[in-house]
Amino acid sequence: MLRESGFLRRLRKELPVWVQQGWVTPENEQQILDHAAAHRAAGVRYLPLAFSVLGVLLLGAGVITFFAANWSVVPKVAKLTLVFGSIGLAYAGAGYALQYREAPQLGEALLLLGVILFGSSIMLIAQMYHIDAHYPNGVLLWALGGMATAYLMHSQPAMIAGIALAVLWTGMETFGFDRSVHWPFLILWASCLPAIYKKRWMSASHVAMIGLLLWSWF
């Protein structure tokens with residue numbers, strides 16, 4: 001059984017005093033406790049989410065490493081089918097898990113896997129067709145994909161990934177091309193704020209502030 005939160009423990013101690021003072025009726029005391037306990041039970045369980053994300057990251061790294069080692073012998077059609085099929089399966093599985101609320105942690109983890117596979121597909125397709133371009137643009141496209149996933153699927157982990165990739169992008173532009181101030185980062189950074197504010201994503205807000213500080217340091 002999970003331990004009670006500090007708030008719930010304090011509430012159990014304070015409610016009898018409130019009843020004695022007449023601030024709360026005896027009938028409402030248990031209702032308040034039930035409501036507080038139910039609200040806590042319905043909250044996000046960060047430990048299962050963390051383990052789910054870690055598992056998906058390890059799985060994604062293993063799959064990418066396996067196919068990268070055998071990539072040269074796979075036909076192009078099979079490569080494209082594999083790339084887009086894996087992305088589609090990851091997002092479809094995430095959508096199912098989140099829609100039916102059977103496994104929200106699994107859904108968030110699969111969304112993150114979809115973002116990882118999307119970034120891998122950018123690099124692999126560029127390699128397949130020998131695309132010679134401004135290489136930080138690939139990371140920029142990856143960051144946009146993460147943020148789009150966050151907006152469309154209401155996913156905080158995807159938003160965190162998008163912000164982290166945006167910081168990587170501005171770092172590449174700054175140090176790789178001797179830019180004194182990389183102003184376009186602020187546009188991308190500001191685009192994540194509406195979702196963070198609306199959804200009250202505290203973890204994403206912390207990562208966003210760290211990203212802004214890193215950009216200032218760059």
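This is a predicted model: local features need pLDDT of at least 70, side-chain atom pairs count only at pLDDT 80 or more; totals for chains, interfaces and linings use all residues.
The protein chain has 10 helices and 0 strands. Of its 218 residues, 35% count as buried.

**Overall chain**

- From the N terminus on, the element order is α-α-α-α-α-α-α-α-α-α.
- Among contacts with a separation of 6 or more, 62% join residues 24 or more positions apart.

**Helix α7 against α10**

- Two packed helices are described by the angle between their axes and the distance between the axes.
- For α7 and α10, the angle is about 5° and the axes lie 9 Å apart.
- On the α7 side, the contact uses Gln156, Met159, Ile160, Ile163, Val167, Thr170 and Phe175.
- On the α10 side, the residues are Met202, Ser203, Ala204, Val207, Ala208, Gly211, Leu214, Trp215 and Trp217.
- By class, this contact has 12 nonpolar, 4 polar and no charged residues.

**Helix α7 against α8**

- Helix α7 spans residues 156-176, and α8 spans residues 184-191.
- Ala166, Val167, Trp169 and Thr170 of α7 meet Pro184, Phe185 and Leu188 of α8.
- By class, the α7 contact with α8 has 6 nonpolar, 1 polar and no charged residues.

**Nonpolar cores**

- In soluble globular proteins, nonpolar side chains tend to be buried together.
- The largest nonpolar core here holds 28 residues. Met147, Met159, Ile163, Phe185 and Ile196 touch the most other members.
- Two or more residues each come from α5 (104-128), α6 (136-153), α7, α8, α9 (193-199) and α10 (202-217).
- Helix α7 gives the largest share of this core, 8 residues.
- Which residues does isoleucine 163 contact, leaving aside its neighbours within four places in sequence? They are Met147, Cys192, Ile196, Ala204, Val207 and Ala208.
- A second, separate core has 8 residues, including Ile87, Ala94, Leu111 and Leu113.

Conventions:
Residues are numbered from 1 along each chain as its sequence is written. Side-chain values use heavy atoms; hydrogens and water are left out. Axes are lines fitted to C-alpha atoms, for helices over the stretch in contact, and angles run from 0 to 180 degrees between N-to-C directions. Helices (H or I, at least four residues) and strands (E, at least two) are DSSP runs, numbered from the N terminus. Contact means heavy atoms within 4.5 Å. Ala, Val, Leu, Ile, Met, Phe, Trp, Tyr, Cys and Pro count as nonpolar, Asp, Glu, Lys and Arg as charged, and the others, Gly among them, as polar. A nonpolar core is a set of buried Ala, Val, Leu, Ile, Met, Phe, Trp, Tyr and Cys residues joined through side-chain atoms within 4.5 Å. Buried means under 20% relative accessible area, exposed over 50%, partly exposed in between (1.4 Å probe, protein chains only).
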